[in-house]
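Dear colleague,

I am passing on the structure we spoke about, and my notes on it follow below. Please read them with the model open beside you.

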Amino acid sequence: MPFIDLHTHSQASDGTDSPAQLVRNAAAAGLAAVALTDHDTLSGLAEAEAAARDCGIEFIRGCELSTRTEHGEMHILGLWLPHEADPLERRLAEVRRKRDQRNARILDKLADLGIRIGMDELLHEARGESVGRPHIAALLVQKGVVLDMSAAFRDYLGSGGRAYLPREILDPEEAVCLMARLGATVCLAHPCLQALPRDWLETFILRLRDCGLSAIEAYHSEHGDADTRACIDLARRLDLGISGGSDYHGANKPRLRLGFGYGGLRVPLAVLDGLKARRRAKGLPC
């Protein structure tokens with residue numbers, strides 16, 4: 001049975017593979033299709049798309065946007081983003097500018113704690129244009145301040161950490177509208193990643209459906225079988241599509257492989273076929 005992966009990250013955001021290498025690895029793993037969905041940037045898509053043509057693997061242009069809700073962050077995936085996406089590009093540039101300002105302030109807080117990380121070091125570590133806390137965490141590990149990435153977030157960069165600062169991110173309705181207006185398939189990412197009140201989640205999804213949300217990510221590395229079944233049931237009741245992916249980040253999530261999540265996660269090609277059928281029904285290209 002052919003398998004796919006519609007949720008992956010490269011060096012353009014917080015993964016460790018280049019966009020081209022990620023696609024080549026997906027082809028080598030025997031996947032029928034792969035989407036690149038870097039955080040808050042489209043900068044790796046052209047390179048990945050070119051590599052996909054060379055490898056003969058189907059490629060879906062994507063992006064993952066972080067949004068703020070009363071129950072914490074919720075992430076929104078856009079799939080089949082067009083090549084001309086100026087409104088989204090402009091908004092993401094603003095998001096990244098605010099993140100850069102936050103990064104500088106986090107480095108100042110770390111310096112006050114006696115931990116010196118220069119902005120040049122951070123940019124060199126990141127390599128892509130979407131620079132954030134995972135790159136600072138990697139430097140904390142490299143400098144021997146902490147043992148691993150989890151400790152970096154627990155002790156310094158997470159919400160209870162000594163150098164934590166909240167970030168300004170999009171409202172979920174804005175994120176959905178931005179991508180839906182471009183003709184993307186807009187998907188709520190890993191809705192069971194955190195314990196959310198079920199009534200709240202359903203109401204939240206209905207709100208976003210009115211803005212153009214068209215799918216729920218049922219298959220995800222950190223969804224158990226019960227979570228996947230609950231998402232599929234919810235999608236069917238609300239007439240939404242079903243998506244899925246590993247959330248691959250390369251060496252930053254070493255237990256994940258392209259197309260393989262924790263446990264026995266595999267996303268069948270039928271998931272992609274279902275999303276395409278919904279797009280065709282709306283007159284959208286695949």
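In this predicted model, the axes of helix H1 (residues 19-28) and helix H2 (residues 45-55) come within 7 Å of each other and cross at roughly 30 degrees, the crossing being right-handed, that is, with the near helix turned clockwise from the far one by less than a right angle. Helices (H or I, at least four residues) and strands (E, at least two) are DSSP runs numbered from the N terminus, while axes are lines fitted to C-alpha atoms, for helices over the stretch in contact, with angles from 0 to 180 degrees between N-to-C directions. Where the two helices touch (heavy atoms within 4.5 Å), H1 contributes Pro-19, Ala-20, Val-23, Arg-24 and Ala-27, and H2 contributes Glu-47, Ala-48, Ala-51, Ala-52 and Cys-55.

Turning to the sheet, eight strands form an open, mixed arrangement in the order S7-S6-S5-S4-S3-S2-S1-S8, two strands counting as paired if DSSP finds at least two bridges between them. Strands S7 (241-245) and S8 (267-268) are at the edges with a single partner strand each, so one side of each has no neighbour in the sheet. Strand S3 (residues 58-69) runs antiparallel to strand S4 (residues 72-79), joined by eight bridges, and Glu-64 has Leu-77 of S4 as its bridge partner.

Residues are numbered from 1 along each chain as its sequence is written. Local features need pLDDT of at least 70 and side-chain atom pairs pLDDT 80 or more, whereas totals for chains, interfaces and linings use all residues, and side-chain values use heavy atoms, without hydrogens and water.

Best regards
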